[in-house]
Amino acid sequence: MAISPGRDAAFSCQKSALSESLRTKKFPLTEEEIFYMNCRAAYLTVFKSSLENIISKEQLYLALQHAGRNPSQKTINKYWTPQTAKLNFDDFCIILRKEKPTSKAELLKSFKQLDVNDDGCILHADLYKLLTKRGEKMTREEVNAVTSLADVNADGKFDYIKFCKLYVTTNEQCLKTTVEKLEVDSKLRRQQFGNHIEGPPERDPSSVPKPSPRIIRKTEQETFSNKGDTRSSSLATTRKFKTSISFTITMGANSNRNSKLTEPNSIKVFGWTGELGPGIYWLIPSTTGCRLRKEIKPVTEEAQLVYRDGTGELFLTKEFRSTLSDIFEVIDLDGNGLLSLEEYNFFELRTSGEKCDEDAWAVCRDNFDTKKNELTRQGFMDLNLMEANDREGDPRDLWVTLHSMGYNKALELTEACPFVIDIYADKCKPRIKAVHMEACSGQLEKAICKSVLNKGDARVMDGYENIIVHTYKRDTWITSVIENKSDNKVIIHINNELSKNCVNNRGLNIFAVEVAPKSTMVCQHVMPVNERQEWIYYCVYSLIS
C-alpha cells in the first residue's frame, strides 16, 4: 500500500477542490483548463518553474504525490525506465492523465480488509503487517508516524475512517491553497507551460480579424497584446519580447461527412497508396490529442477482478478473464493464438516498464501452459492469477496493468484504441515488425519533427536566424514545430487568442515552451472545433527576453 500520511500532504486533482474558487469567475474554466491548472499547482510544489525537468525517480514520486496520486514502485518504473534521463512538464501531464488520483472510497476499501470487527478501526499490529508486507512497503519509522497521529489513533487502534476523511480533506485544502497562490502571483503564473488567462476576451467571435502573415514590430506588439479583455493587460505589459512572428491560415469548411475524427465508437478504415523505394519505413499511428479525449463517464461501481470459493481458493472473475482475453488478442501481434517472448515484452514494457529476460521466460515455460516456447491464452490467464495470489488477492497491481492498457474501473476500454495495420505491395513481399516506443522517450516527437521539417513551411524569427518556426498544414489539422539551432536554450511564448473555431492539444490559448540548444520540439497541434465551419489559425510566437 503506497500511502505516506506522515509526509507532505498530496495534492488531489479532483475538480471539487476548485469549485469554490472558480464559482466567482465570470468565465468558468473548462475541464481541460482545470486539469492543466492542477498540474501546474502540483508541479510547482516541487520545482521553482514548470520549465524545470524531473531528473530522478524520487522527484517523479514526489511530484505525483503532490498531484494526489499514490504511485507504487511498479507505476514509477513504468515511466522511469533505465533509459530515462529526464521528464518535462508535458510528460508529467501525460502521466497524470493515465494515473488516477487516490479516492476516499479506494482508501476505505483497502483498510476495510483488515477491519475484522467491522468497527472502523484496525489494531496497530495488523496495520504494521499491512503497511510493511504488502504493496509499496513502508519502513517501521513511517508506520510509527501513522500510529502516532493523535487525531486517528486511540487505545492501540487506528481509526481508518477518520484518517481517510482527514487525508482527502487535507489534499483538497492544499490544492485549493496552491491554486489560489498561483492565481494571485501573476509572475509565477506567467512562467508556466500552458499559461492561463482568467477569461476569454469579450468580443464577438465572428469579428476575428484576418491579418496577413507578417513580422510584428515592437510598437505593434504592444497594440496586439492589449487587445481583448483588460484583465489580461498586466500579462501584456510585464512581458518583454525580443521578437515575434505571426501566422494566419484560413481553412475552409470540410464537406466530407465521413472525415471527422471522433472517439472510436466503431471500426474505421484509413489507407494510403503510393510508391516507395527500397528501404525501411516506420509507420507511427498517433493522434493530435486535440479532440480524442478520455471519456468522461463516471464509474459507479468498481469491477471485481478476483474472488475466493468456499475453500478459500482464489479465482479470476468471468469479467476479468474476458478482459484479459481481449488484451491477449491485442498483444498477439502475429495472430497465431500464442505469445512469443517478444510479444509478451510489448505488454510488459507498456504495463511495468521492464522486460522479461530469457531466464524469467524459462520459468514461465516451466510453470504455465506453453506451445513451441510461446505462452498460450490459458497460460496468460494463469500468469495473472499467480500475480493475484502473490498479493493475497489484493488487486492493486492488477489494476495498474489494466489502467496501462486503457481500461477504467468498470473494465471498459476508454483510454486506448487498438488498431490493425495491413500492407499490400505489387512487386515485392513486404515484412512488417512491431517495435516498442517507450513512454515519454521522445521517439514520437522526433518522428513528427522530422516530418514537419521536411514538409512544412519555415519562418525565421526576425533578427534571430537560428530560431525557426515550421508549420505543416493538412486539411484537418495544423502542426507547428520550433527549431533552435543556437547554442543556448530559448523560451518561446505562444498566443492563439485570435484564432477562430480552433482547439489545440495543450488545451490553452496561451502558453510557453522551452526549446533546448540544437534541438527541435513539437509546439502544438491545432484542429477545428467544428469541421463544418471555416476555421482560422492565428498564432503569435514571441521570444522571451
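Me: Where is the place of Asp 118?
Reply: Asp 118 sits in the loop between helix H6 (104–112) and strand E1 (121–123). Helices (H or I, at least four residues) and strands (E, at least two) are DSSP runs, numbered from the N terminus. This is a predicted model, where local features need pLDDT of at least 70, side-chain atom pairs count only at pLDDT 80 or more, and totals for chains, interfaces and linings use all residues. Residues are numbered from 1 along each chain as its sequence is written, and side-chain values use heavy atoms, with hydrogens and water left out.

Me: What is phi of Asp 118?
Reply: Near 55°, a positive value in a residue other than glycine. Most residues other than glycine have a negative phi.

Me: Is Asp 118 buried or exposed?
Reply: Asp 118 counts as exposed because its relative accessibility is 55%. The cut-offs are under 20% relative accessible area for buried, over 50% for exposed, and partly exposed in between (1.4 Å probe, protein chains only).

Me: And what about phi of Asn 373?
Reply: Phi there is near 70°, also positive in a residue other than glycine. Asn 373 belongs to the loop between strand E7 (370–371) and strand E8 (374–375). At 37% relative accessibility, Asn 373 counts as partly exposed.

Me: Switching to sheets. What is the order of the open sheet of four strands?
Reply: The order is E4-E16-E12-E14, with antiparallel pairing. Two strands pair if DSSP finds at least two bridges between them.

Me: Which strands stand at the edges?
Reply: E4 (241–251) and E14 (510–515). Each has a single partner strand, so one side of each lacks a neighbour in the sheet.

Me: How many bridges do E12 and E16 pair over?
Reply: Strand E12 (residues 490–495) and strand E16 (residues 535–544) pair over four bridges, in the antiparallel sense. Asn 495 stands opposite Val 540 in E16.

Me: Helices now. At what angle do H14 and H17 pack?
Reply: Helix H14 (residues 341–351) and helix H17 (residues 396–404) pack at about 105°, their axes 9 Å apart. H14 is therefore roughly perpendicular to H17, a label for angles of 65 to 115 degrees. Axes are lines fitted to C-alpha atoms, for helices over the stretch in contact, and angles run from 0 to 180 degrees between N-to-C directions.

Me: Which residues meet there?
Reply: Phe 347, Arg 350 and Thr 351 in H14 meet Val 400, Thr 401 and Ser 404 in H17, where contact means heavy atoms within 4.5 Å.

Notes:
Angles under 35 degrees count as roughly parallel, over 145 as roughly antiparallel, 65 to 115 as roughly perpendicular and the rest as oblique.
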